[in-house]
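Subject: Structure for you to look at

Dear colleague,

I am passing on the structure below, together with some notes on what was found in it. Please have it open beside you as you read.

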Amino acid sequence: MIASGQLGENADVVIWDAERRIPIFRFQEHDHEVSQVAFSSDDRLLATVGNARDHKIFFLDTSTGKVVVGTGFRQENPTALAWSPVVSEIYTAAAAFDTEVCMWTINPQKGTVVASSVVKGSVRRSITCLVFSADGQWLFAGTKSGDVVTINVKRKSIQVVHNVCSLGVGDMILLKTGQLMVGGGDGTLQVFDMEDMRTDASAIQLRNTSISSLSTAPDSNDCTLIVGTTEGSLLRHLDSNSVVPLLETQRGPITAAAFSSTDQDTFATSSGAGTIAIWSKKARNLVHSALINMPTPGRKLVGRIAERDSGAATCVQVCDTRVISGWGDGHIRCHSLIDLNRSWLINNAHCLGGNSGVSALCLGVKCDVIFSGGVGGEIRVWDVASRGIAAHMKQHVGRVTGIVAFEDSAHVMSCGVDGTMKLWDIAHEKCLTTFTAKMGGVNSITLVPDQVQVVSVGKDRCITFWDIRCPQPQQVVQNAHSSEVTSSGMTKDGSIIRLWDFRTGSGISELVGHTSTVSSTQFSCAEDSLISTGQDGAILWWE
């Protein structure tokens with residue numbers, strides 16, 4: 001079974017059948033947020049804890065979905081929840097509320113619950129995770145200060161405090177050997193004996209990340225675990241006291257995606273957390289890092305680019321062996337696709353007082369020029385060979401949201417939050433035509449292969465078809481989505497994403513997968529695959 005809790009006014013708890021992936025029970029007593037959920041060791045009971053506004057905790061019977069007993073709490077938001085592994089007629093659970101720890105004894109037969117608080121004494125620690133010992137006599141609390149606090153369950157008092165890592169304890173788990181494994185914010189993974197919190201083995205050190213979760217693998221033995229990190233990695237911990245990559249994604253909202261212009265099996269994604277990730281089906285010339293399975297068929301993460309103090313990576317393009325990207329600090333950077341080292345930098349490409357940041361990017365057909373848009377509304381053209389500015393235009397009021405280049409590389413079209421699209425003559429740095437949306441900003445534009453028609457989407461929830469020879473739209477699909485449309489893409493045979501037939505303006509199908517705003521959609525060169533990225537951090541590959 002799987003239990004999930006929701007955030008919002010309708011904060012439901014859902015118990016799922018893990019094998020069939022269907023909901024079994026839905027519990028609707030919480031308001032505002034479900035902060036913690038946890039199954040008892042025998043899976044008979046499920047504890048659900050609300051937030052500081054809800055102030056409710058329930059213990060559910062997983063066989064019926066009904067409430068066994070419920071109670072309240074007065075503390076702040078809960079930060080951890082755990083069950084004692086000892087199962088009898090009486091169950092014991094504990095929850096942490098920042099620096100406070102509460103325990104409950106539950107009798108499912110009588111439907112009663114008794115609460116008690118742990119005496120802190122002089123110890124003040126912000127608690128991040130809780131784990132009971134195998135015999136249920138001790139409760140271990142990981143803290144933000146990197147300590148493990150040992151609590152005597154019978155006496156409800158703190159016994160001793162041990163420092164185990166720096167940057168806080170991310171998570172802990174009880175091994176079948178009776179030892180305690182601790183994952184640290186400093187990237188360390190250590191195994192301790194519970195009696196004296198000593199370790200005989202050297203710590204495993206993960207670089208440039210923090211451990212955020214530990215769980216037992218479905219096919220695990222005593223020491224085979226799944227390790228989660230703040231960078232979005234999943235690692236398998238083996239008996240040999242080592243970890244191997246299992247799955248890796250990109251942290252933060254995914255802002256853009258782009259296929260390589262020469263290799264349809266390679267694409268790049270940019271993240272609001274300040275990274276560029278390179279994905280490929282074949283990695284014969286990519287040597288940056290070990291290959292890690294991506295949650296899309298046959299695609300592998302072959303490298304990640306990170307720039308310190310550069311803000312979000314807002315847009316990206318891939319051409320030949322180069323990855324060209326725009327960043328929140330206003331710079332345009334180029335990295336090698338071979339070793340991912342930086343090749344060059346266009347400093348302050350879009351820095352206008354307080355309006356700094358590259359918001360849109362595209363390349364000329366021959367990859368010899370870069371067209372970029374900024375948050376201040378400016379359009380600039382750059383010569384790739386010299387990195388010098390070739391043209392500068394500004395008529396947009398506010399952020400440029402998209403830019404597309406014509407095949408002659410002499411004209412581009414841009415769109416912005418000001419609700420306009422502009423056709424530019426690069427040689428004369430002149431706006432030839434302005435097209436105005438019906439209402440609100442334009443979020444994305446797509447140039448049709450005939451180089452005459454353009455499709456726009458935006459806050460008006462419409463899909464609008466334009467002919468650049470006429471200032472008025474040729475066709476408008478009203479209420480194409482229930483909220484503003486954020487992205488569009490086009491195949492050469494005329495189908496626009498989400499999914500619409502360009503010739504008739506009728507809907508074809510709906511692709512459901514993202515849980516938040518979709519930020520980018522890109523068809524592969526062969527037009528048999530589609531990538532979509534979103535603010536939910538997901539990169540979805542559609543066949």
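Please keep in mind throughout that this is a predicted model. To begin with one of its sheets, three strands form an open sheet in the order S1-S2-S3, and their pairing is antiparallel. Strand S1, residues 2-5, and strand S3, residues 22-27, are at the edges with a single partner strand each, so one side of each has no neighbour in the sheet. On average, neighbouring strands in this sheet are turned by 25 degrees against each other when direction is ignored. Looking at one pair in detail, S1 and strand S2 (residues 13-17) run antiparallel and are joined by four bridges, and within this region Gly5 stands opposite Val13 in S2.

A polar atom of the Asn152 side chain lies 3.0 Å from the backbone nitrogen of Arg155. Leaving aside residues up to four places away in sequence, Asn152 also touches Gln137, Trp138, Ser157 and Gln159.

Arg387 is not a glycine, yet its phi is positive, near 60 degrees; Arg387 sits in the loop between strand S37 (378-383) and strand S38 (389-394), and with a relative accessibility of 31% it counts as partly exposed. Ser409, likewise a residue other than glycine, has a positive phi of about 55 degrees. The loop that holds Ser409 runs between strand S39 (400-405) and strand S40 (411-416), and Ser409 is partly exposed, at a relative accessible area of 22%.

Finally, a word on confidence. The average pLDDT of the protein is 84, and 88% of the residues score at least 70. Over residues 283-298, however, the pLDDT stays under 50, although the model has 44 contacts for this stretch beyond four places in sequence. The pLDDT is also below 50 over residues 492-497, a stretch with 23 contacts in the model beyond near neighbours in sequence. Where pLDDT is low, the predicted coordinates should not be read in detail, so I would ask you to treat the contacts of residues 283-298 and of residues 492-497 with caution.

Definitions and conventions: Residues are numbered from 1 along each chain as its sequence is written. This is a predicted model: local features need pLDDT of at least 70, side-chain atom pairs count only at pLDDT 80 or more; totals for chains, interfaces and linings use all residues. Side-chain values use heavy atoms; hydrogens and water are left out. pLDDT is the predictor's confidence in each residue, from 0 to 100. Contact means heavy atoms within 4.5 Å. Two strands pair if DSSP finds at least two bridges between them. Helices (H or I, at least four residues) and strands (E, at least two) are DSSP runs, numbered from the N terminus. Axes are lines fitted to C-alpha atoms, for helices over the stretch in contact, and angles run from 0 to 180 degrees between N-to-C directions. A polar contact is a pair of N or O atoms within 3.5 Å; within protein, one must be able to donate a hydrogen and the other to accept it, and residues adjacent in sequence count only if both atoms are side-chain atoms. Buried means under 20% relative accessible area, exposed over 50%, partly exposed in between (1.4 Å probe, protein chains only).
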